[in-house]
Amino acid sequence: MNIYRFLTLTLLLFTNTILFSNTAFGAKPLATVSGTIADAATQESLPARVHVRDDKGRWHLIHSDGGDQVHYRREVARLPNSPEVHTTLSAHPFRVQLPPGRYTFRVERGKEYLPIVRTIDVADQPVQLKFSLQRWINMSQRGWYSGDTHVHRSLDELPNVVMAEDINVALPLSNWVTKSDTAPSQGDRSVATELKPRLIRVDDTHVIYPMNTEYEIFYVGDRSHTLGAVFVLNHKRPLTIGAPPVQPIAQWAREDGALLDLDKHSWPWSLMLVPVMKVDLFELSNNHVWQTPFGFHDWTVEMVPPYMELERTEDGQGLTEWGWINYGFQTYYALLNSGYRLRVSAGTASGVHPVQLGFGRVYVHLPDGFGYEDWMQGLDAGRSFVSTGPMLETRFGDYHAGETISPPDSTAYALKIVSTATSRKPLDRIEIVMNGDVIRTLSPENRLSKTGAFVTNVTETINLDSSAWCAVRCFEADPKGRIRFAHTNPVHVLLPDKPLRPKKVEVQSLIDRMQAELIRNRDVIGPVALDEYRQAMSAFQALLKSAR
């Protein structure tokens, strides 16, 4: 008998035996649970994300009827309380077979719909469910479009996922290298080696641009030695340059019209990259910010400058979720104060970490409607805010976030801030940040709208007597202590003969970081790469003359 036929018959016999045994010995039969997901206002079917968990804590994945689904399961052994298990569905009905028991369904679509959580009992009969998701805000109608700048999902599954998460722009890091002196197109973590700079249009307002690169260097030569990560976004040619050094990469990126995104602020080389590469973007919400519990309390905690006085865990050894986020904020503020005008971005690394695509996302303002190139230009210009929950639409007088205000022959300037903060949960506070300091804390109105959102309108005037940058941020009130925030890109005000002055404690911290890296790297990386740390230190040392 043909061996393949033999194996097939054996498998069928084994399967029938199992089915017979389940019935014969009283195993509980499976019931079919099916359902639909629709927009509450239009009744049109919606793509969405669905989590299903039974009363024993076990997760279940579901299937689409007539469409497609992507199953996502990321459970990290060292983080047992932070699993991310879900199914993203196209706009079709779904089904799942479940044994009798009690199950909790959580259905969500991105940030702009109210989630639905429903507990059901399953017996031995079919169950039909209907979920009607209600929008609490429609950002595209207001001219705002979202993006995730740190994506590790495959090009095969992204069309499904961007629709379910309502992400307008996804930038997958298709080329990914962790070894020094290696071309990213041949990187050990690359998911595609022959990419073309062609936009993938899922629909008119949801797109994927596939040619993006991550340098995440963990090995120098044959030696385990972490440098860190930086992204090259929206390039047109495959990158053939290894790292370090990094200046040739930056030059190549500029020639190719690409943007450089810093990823996390606490990588060993991050602060060097800013002056040496002239980095464009800073991820205020990075891939350690999740819906599931925060899991990186002790990651790079030894890098924290003492002056930041960050919130720590009860044992004092690690950072709380707010401590980690505030660490990013304060690093960003120190760089802004030092004259480096990085624009805000947000990335999740969905595909690697237990996090949904777009959990942290950046919204870019496009009043004339969506276009990919326009979106990238708006991201570069800083007409943006970052959100892990609330929405924060802000104007600075007649100017957008990211712009520069240059009053002629003025010794003072009254900066008018008009902002609308909207959230699906009540806000705890709204803060105005100037030159890294919270100069005004506002109590939100939290006026309940017809869509179920909480709305606060802010009109404030800040009197400036020297050059400054100014931004707005807000935080939800969360009974579990989770941090959900929005943060605008800053606006910059330049007053003649009154330049922005960095803080001495911040500048000294940047210098100290470079000195430590020079010592750590001196016997590992080459002289050209090592000199890049000296260049950065010289740039920071020059700031001490004007520091306050």
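This is a predicted model: local features need pLDDT of at least 70, side-chain atom pairs count only at pLDDT 80 or more; totals for chains, interfaces and linings use all residues.
Residues are numbered from 1 along each chain as its sequence is written, and side-chain values use heavy atoms, leaving out hydrogens and water.

User: How many residues of strand β26 are buried?
Analyst: Strands here are DSSP runs of E with at least two residues, and helices are runs of H or I with at least four, numbered from the N terminus. Buried means under 20% relative accessible area, with a 1.4 Å probe and protein chains only (exposed is over 50%, partly exposed in between). Strand β26 covers residues 427–434 and is largely enclosed by the rest of the structure, because the buried ones number six of the eight.

User: In β27, which residue is the bridge partner of Ile-430?
Analyst: Two strands pair if DSSP finds at least two bridges between them. Across from Ile-430 sits Leu-442.

User: Is Thr-388 buried or exposed?
Analyst: Thr-388 sits in the loop between β22 (384–387) and β23 (391–396). Beyond its neighbours within four places in sequence, its contacts (heavy atoms within 4.5 Å) include Lys-111, Phe-359 and Phe-485. With a relative accessible area of 2%, Thr-388 is buried.
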